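Biologist: I have a model open on my screen and I'd like to learn how to read it. Could you walk me through it?

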Amino acid sequence: MILGDIARKRLSFLAILIGAMSLSTVSQGALAATAEATPAATTVAAAPAAADSTAVAPAEAPAADSGYTPLGPDMIKGQPHDGGWDVQKQYSIIGDTAEPLHVGLIWVMAVISVFVLGLLLYVMVRFRKSANPVPSKTSHNTLIEIIWTIVPVLILVVIAVPSIILLRDQYQAPPKDALTVKVTGYQWYWGYTYPDNGDFEVISNMMPEEEAKAKGFPGHLEVDHRMVVPAGEWIRIQTTGADVIHSFAVPSLWFKLDSVPGRLNEKKVFIKEPGIYYGQCSELCGARHGYMPIAVEALPRPQFEAWVRSQGGTVKGDAAAAPAPAEAAPAEAAPAEGDSAPGEAAPTA
Ligand SMILES: [Cu+2]
């Protein structure tokens, strides 16, 4: 019989096939890893925020009179859950395409693996030495060789089509008018710059765990100043590293992009609904790598613009209108301009 031979060849071929498939899906697989809340030491000093936010005073007031209110815990959408074993629920257009493909590929891999395992077990039992003392010396069977070449090729082609389309969709340039946010990874916090809105930068440090939990937010994921973006439109995220390689990753938005010093990586995202979406730095970047979470706050356009003004930024069309931030200021006791701290204001639900 030739089955022993067949099994051997098929096995090595399928091993290569499975290897190739897992390579093609590895990036998605990586995203699948649910961000685990680091169980480690809970007391974490607030990381040294870069100078800017401390210089300008009270955070509560600007939020109040600018019309911007930070989202409260009831608006948390993208975060890991206890006992979660699959990718997080997706809230972006790309995620809507990618997640089913990811799940489908896992099933393809599972079926092939089980099939190969079945063949292996069959050969081991059926052609064991005692049952089959005189082994076959057949070395070729054209028909079977053609089949085991063609079928895997077809499987790969079927997988390649949606995979390549997804890859293209992720890296295709966003529409020209898409909002740009430049994300800079620092040791060990994030900086969000808004070149389209006056080029101000927001420095984002992890909120101490006790404070976050007291406010109803997840520990090790909530930050003092979130990355605020508009929901329901394409956003161009450009990222770089200021010191070492970091990686900007938000699982529920199907987004992960390395922040590499000296390089500007770009990818687009479309967040479908307002909410808070958590992520973490996903490239080992030093001692406090585990303490530089990401909190993306997606808001309807008008609220986003209010936030921009509360940061001292500008919105397209503002130039013609009256200088918005200045008007509101005198009414309240506190200064209204500058780098307010949206994250610090008591979250009003
Ligand atoms: Cu990092």
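Biologist: Let's start with residues 146–167: what percentage of the chain is helix there, and how far apart are the end C-alpha atoms?

Modeller: Over that stretch the chain is 100% helix and 0% strand, with the end C-alpha atoms 31 Å apart. Helices (H or I, at least four residues) and strands (E, at least two) are DSSP runs, numbered from the N terminus. Bear in mind that this is a predicted model: local features need pLDDT of at least 70, side-chain atom pairs count only at pLDDT 80 or more, and totals for chains, interfaces and linings use all residues. Residues are numbered from 1 along each chain as its sequence is written, and side-chain values use heavy atoms, with hydrogens and water left out.

Biologist: Which residues does UniProt list as "transmembrane region"?

Modeller: The unreviewed UniProt entry lists 105–125 and 146–167. Positions are in the numbering used here, feature names are shortened, and annotations may be inferred rather than shown by experiment. In the model, residues 105–125 are also 100% helix, and their end C-alpha atoms lie 30 Å apart.

Biologist: Where is the kink in α5?

Modeller: A bend is the angle between axes fitted to the seven residues ending at a residue and the seven starting there. In α5 a kink of about 25 degrees lies at Ala-160, shortly before Pro-162.

Biologist: Which atoms coordinate the copper ion?

Modeller: Donors are N, O and S atoms within 2.8 Å of the metal (3.2 Å for Na, K and Ca); water is not among the atoms, so sites may look incomplete. Here they are His-246 (ND1), Cys-281 (SG), Cys-285 (SG) and Met-292 (SD), at 2.1 to 2.7 Å.

Biologist: Why is the arrangement tetrahedral?

Modeller: Four donors count as tetrahedral if all angles lie between 85 and 135 degrees. The 4 donor atoms subtend angles of 93 to 126 degrees around the copper ion, so the arrangement is tetrahedral.

Biologist: Are Cys-281 and Met-292 buried or exposed?

Modeller: Buried means under 20% relative accessible area, exposed over 50%, partly exposed in between (1.4 Å probe, protein chains only). Both Cys-281 and Met-292 are buried. As for β10, 7 of its 7 residues are buried, so the strand is largely enclosed by the rest of the structure.

Biologist: How many bridges pair β10 with β11?

Modeller: Two strands pair if DSSP finds at least two bridges between them. β10 and β11 have 6, in the antiparallel sense, and Tyr-277 stands opposite Val-296 in β11. Strand β1 (residues 76–78) pairs with β10 in the parallel sense over 2 bridges.

Technical notes. Four donors count as tetrahedral if all angles lie between 85 and 135 degrees; four count as square planar and six as octahedral if opposite donors are over 155 degrees apart and all others between 65 and 115; anything else is irregular.
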